[in-house]
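This briefing is for a reader who is new to the structure shown below. Please look through the sequence and the model before reading on.

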Amino acid sequence: MSVMLEKWRGDKGSIDFVQLIVGLLIIGIASIGTLSALSYGYGQLDQQMRHRKAIEVGRSWVEYLQGRLHCDFDKGKFEDAKLANGTLNSALRTLLDDRGTTEVYDDVYCKVSHGKLFPMNLPETSSMDWWEIYVKVEWAEPDEDEQYPLHKVEFFARMVPEGY
Amino acid sequence: MNLTKSRWSGDSGWTFIEATLSVVIMSIMVLGLTIVLMAFREHLDRSWAVRVMDQYGNDVVERLTHELRNAVDLSVRRVVSGRQIMLDQIDIVYLDPFYLDRTITKRWRPSSKPAIITVDGVPLDPYFPPRRPGRGEVYEIRRFTLTPYGQDGRQGGTAVWSNEVFDSQTRNEAFKEATYLIRFKLHYTRSAVQRGNPSWTFDKEYFNRVYIRNMNLPIRRKLREQAQ
């Protein structure tokens, strides 16, 4: 019995310190790799979702401008002249992704603006033929500087004038 | 330093305790890895479900936008109006391509459960919701509305353009009658892996504003005169 106890309590041939550290290192590297992949994938899905939302916002703004130009636009009115000049220097800042309802500091905002509305006149016709519309939506991802947004979607559209 | 005699290394074979401990440690490692892989799989399933939702949501909004751009008239009737579910029935009128003095109508009908939108009785997408849902998977349509400009204060579920109501007060009737906001919201529920735990839910809303230009053209005026 004492021989058996001696054998069980013995430390000859046991897993040594180097082996233990190497084993833990391997497990740690595998875990870190897996968690990094999961975290990256999750971030990419969020980024794609914000991109799609920006497209929806931009398209809605294009439709609004097309509607205004087609049936509710008067160059003589101050408000409409201001609209025609564009808003590239005074973009509308709107919420793109609230990222959870409990905190507001992590919200992602986008800037929506449109360029100058150009009336295009073909040489063959006497009156204006269409309006050129340019809309831009810019935003910065959560780990980027909002002052210098790196992500952008642009829309180029046309709209016929009133009566067409 | 003589490594063979150092206490840091030993190669005298396995003792009973060593073997037991090794088996225990390896079992814990395998258990941990299994849990990580199961969590990874659950994450993939949820991501896939969200992509399925996105595909259907974008399909519905795109198709409706396209149909409205070619429409000459429409009528909207709210059939379900609640705090959680809001559904509209939409009848879209087009000019008959063969007989220009006649019109044809397409009827868009939503259903919350099962989450199906039909156009003249035909599902918009025969593969949604998925035929073989996963563990406790349920898709619901929580919102399918078409609202005239200025009558919906919050666009797209977020205050994207919070001054729409204010802006609509200075717009003329021709613009307000022809500009609509499409809002389509899907709700996804998935049972938890362990019974008793709360289910995982996900809501997503898809929206688009559309200007129905044919409503401000002489053709519509003529159709209305003919109808009278």
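How many helices and how many strands are there in chain B? Chain B has four helices and eight strands, where helices (H or I, at least four residues) and strands (E, at least two) are DSSP runs numbered from the N terminus. This is a predicted model, in which local features need pLDDT of at least 70, side-chain atom pairs count only at pLDDT 80 or more, and totals for chains, interfaces and linings use all residues. Residues are numbered from 1 along each chain as its sequence is written, while chains are lettered from A and ligands numbered from 1 in the order in which they are written.

**Confidence**
- The predictor gives the complex an ipTM of 0.78 and a pTM of 0.80.
- Chain B has a mean pLDDT (the predictor's confidence in each residue, from 0 to 100) of 84, and 88% of its residues reach 70 or more.
- In residues 156–160 of chain B the pLDDT is below 50, and this stretch has 14 contacts in the model beyond near neighbours in sequence; two residues are in contact if their C-beta atoms, placed from the backbone, lie within 7 Å.
- Where pLDDT is low, the predicted coordinates should not be read in detail.

**Layout of chain B**
- From the N terminus on, the order of elements is α-β-β-β-β-β-β-α-α-β-β-α.
- Among contacts in chain B with a separation of 6 or more, 63% are between residues 24 or more positions apart.
- Of the 228 residues in chain B, 25% are buried; a residue is buried if 20 or more other C-beta atoms lie within 10 Å of its own, exposed if 12 or fewer, and partly exposed in between, with C-beta atoms placed from the backbone.

**Nonpolar cores**
- A nonpolar core is a set of buried Ala, Val, Leu, Ile, Met, Phe, Trp, Tyr and Cys residues joined through C-beta atoms within 7 Å.
- The largest one has 36 residues, of which B:Leu68, B:Tyr180, B:Ile182 and B:Ile212 touch the most other members.
- At least two residues of this core come from each of helix 1 (16–69), strand 2 (86–95), strand 6 (138–148), helix 3 (173–178), strand 7 (179–190) and strand 8 (200–211) of chain B.
- Another core, of 18 residues, lies apart from it and includes A:Ala54, A:Val57, A:Leu96 and A:Val108.
- Not counting residues up to four places away in sequence, B:Ile212 touches B:Leu68, B:Arg69, B:Ala71, B:Ala178 and B:Tyr180.

- B:Thr105 is in strand 3 (residues 103–111) and counts as partly exposed, because it has 13 C-beta neighbours inside 10 Å.
- Leaving aside neighbours within four places in sequence, B:Thr105 is in contact with B:Asp91, B:Ile92 and B:Val93.
- B:Arg190 is in strand 7 and, with 19 C-beta neighbours inside 10 Å, also counts as partly exposed.
- With neighbours within four places in sequence left aside, the contacts of B:Arg190 include B:Arg46, B:Glu137 and B:Trp200.

**Backbone details**
- A cis peptide bond, with omega about -5 degrees, joins B:Phe128 and B:Pro129; B:Pro129 lies in the loop between strand 5 (122–123) and strand 6 of chain B.
- B:Asp120 is not a glycine but has a positive phi of about 55 degrees, and B:Asp120 counts as exposed, with 10 C-beta neighbours inside 10 Å.
- Helix 3 (residues 78–85) of chain A lies largely in the open, because zero of its eight residues are buried.
- A:Gly86, which follows helix 3 of chain A, has a positive phi near 95 degrees.
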